[in-house]
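Work through the following exercises with the sequence and the model side by side.

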Amino acid sequence: MMLMTDDDEAAFDEFLAARSTSLLRTAILVCGATRHDAEDLVQHALEKVYRHWPRIRHDNPEAYAKKTVVNAAISMARRRKIIREIAFARPPETAADSPDLDLRDTLIGELRRLPPKMRAVLVLRYWEDQSEESTAALLGCSLGSVKSQAARGLARIRANMIVTEELVR
Amino acid sequence: MKIEDELADAMAAHVAGVEAPPDLGRAVRRGHRAHVLRFRVAGAALVTAAVAVAVPMALNFSQPAAGGNAATGHNRAVMSHNVIVPDVVGMSGPEAVRILREAGLTFYGPEAAITDHVVEGQNPAAGEQVPPGVEVRLVSQSQALGDLGDGREFGGIRIGYLPAGLEWGKWSGDDVVGDGESYTTTFNKPGNAFGVYSVQVIVAHEESAAKLLDHMPEKGAEAVDVRGKKGRLSTHTEGGTHMIVWELRDGLAVKVFISPDYAKEIDGVAELKKIAEGIRETK
């Protein structure tokens, strides 16, 4: 247990004020769970950050926190996969069963259907605008893996969207 | 518009209304098992210090003024406002705060955060004299369930078997998982570093039981039988923690962990099964 100075505590509060909303949003997008579960997840990740705070605060704490949150979100999404697949099992061509379904909702729906890691790559690359290199570092995988997952993820979404549009017509 | 831009817009819209809860910092600190409390010597009115300086002053004044007029200055030098740090290890959080306050030390931090805590360590140590302004730090840990004695009975269960040589970790928490009732405590090897557990047990009731079961390990979990109930056992969780989870009955789930280090010292899987087999509901 590292001892926290007043200065450490104050810096941690500043860090939370600046970053916790963005971490929570990332968690929601990556794990595809409810907001309540995402909050739990972020809180646990931040407890980990807090535990190591005196050591990491001067060494890119945001990257450490983000890495912890994203990987926990992937784990949670994997645990939930079985339940979700039972609940939402249906062939892709019926993805949009209502023509009124908003495009954005459809996209989010398609995003949720991707494997957790692929989804994480898309969230980090296109929502957070992280470079391929930093996405690879955050996910602990190779640059090549980020490139291929991003390309395949977009291709899947695009393919399903085209199918959806044809059905809507 | 390219698909990635449309996707980025959709993601932004999806989470636009989400804000982190304002009490997140408090929740993080509360969830963190150990707390460090800090006291600082107050500027004036130090009862202990006053007693300490009374003797040298009296001695100096009782001597003839042979040393000349330097005596006053010398007296001032002797009049250190040092405080003797009281021994508060083992005390409850509120009791330690009271004792330290009486010694003239000032507490920094949310007192509410340590109401159910027990002090595990202090620095500087008891008996040391500290000059004004020096921080005394206390390390405390949660004992939400109070003094559990040998720790084997809590949250509606009794632990019949534990590996030899373990003692209650003098730590406990509640509300650890989900929205229902849940409790946890740990058992340690004597001499373990602070915060290092050997065995941890979580008990969860009703909604929390469902949540505890939902957080089953994903990788390498094997189905096991715990006295006729289906459970899952995993040795492949983060860092090599061994864990087993099962339902004692509907609405009452238990999870037992063996820390990675301790699992290497014993037959982790066999001991985990034996601990699970020995757990009974008490209510």
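**Exercise 1.** In what kind of contact do the side chains of A:E62 and A:K66 meet?

*Solution.* Before starting, note that this is a predicted model, in which local features need pLDDT of at least 70 and side-chain atom pairs count only at pLDDT 80 or more, whereas totals for chains, interfaces and linings use all residues. Residues are numbered from 1 along each chain as its sequence is written, chains are lettered from A and ligands numbered from 1 in the order in which they are written, and side-chain values use heavy atoms, with hydrogens and water left out.

Step 1: the side chains of A:E62 and A:K66 meet in a salt bridge with an N to O distance of 3.8 Å, a salt bridge being a side-chain nitrogen of Lys or Arg within 4 Å of a carboxyl oxygen of Asp or Glu.

Step 2: the two residues are four apart in helix α4 of chain A, and are therefore separated by about one helical turn; helices (H or I, at least four residues) and strands (E, at least two) are DSSP runs, numbered from the N terminus.

Step 3: A:K66 is buried at 5% relative accessibility, while A:E62 is partly exposed at 27%, where buried means under 20% relative accessible area, exposed over 50%, and partly exposed in between (1.4 Å probe, protein chains only).

Step 4: A:E62 and A:K66 also belong to a network of salt bridges that links them with A:R19 and A:E128.

**Exercise 2.** Find the salt-bridge partner of A:R57, and explain which parts of the chain the pair ties together.

*Solution.* Step 1: the partner is A:D7, and the closest N and O atoms of this salt bridge are 3.2 Å apart.

Step 1: because A:R57 lies in the loop between α3 (53-56) and α4 (61-88) of chain A, and A:D7 in helix α1 (residues 6-31), the pair ties together parts that are 50 residues apart in sequence.

Step 2: A:R57 counts as buried at 18% relative accessibility, whereas A:D7 is partly exposed at 49%.

**Exercise 3.** Describe the salt bridge between A:E110 and A:R113, and state whether each residue is buried or partly exposed.

*Solution.* Step 1: the N to O distance between these two side chains is 3.6 Å.

Step 1: A:E110 and A:R113 are three residues apart in helix α5 (residues 103-113) of chain A, so about one helical turn separates them.

Step 2: A:E110 is buried, with a relative accessible area of 2%, but A:R113 is partly exposed, at 34%.

**Exercise 4.** How many helices and strands does chain A have, and what share of its residues is buried?

*Solution.* Step 1: chain A has eight helices and zero strands.

Step 1: buried residues make up 47% of the 169 residues in chain A.
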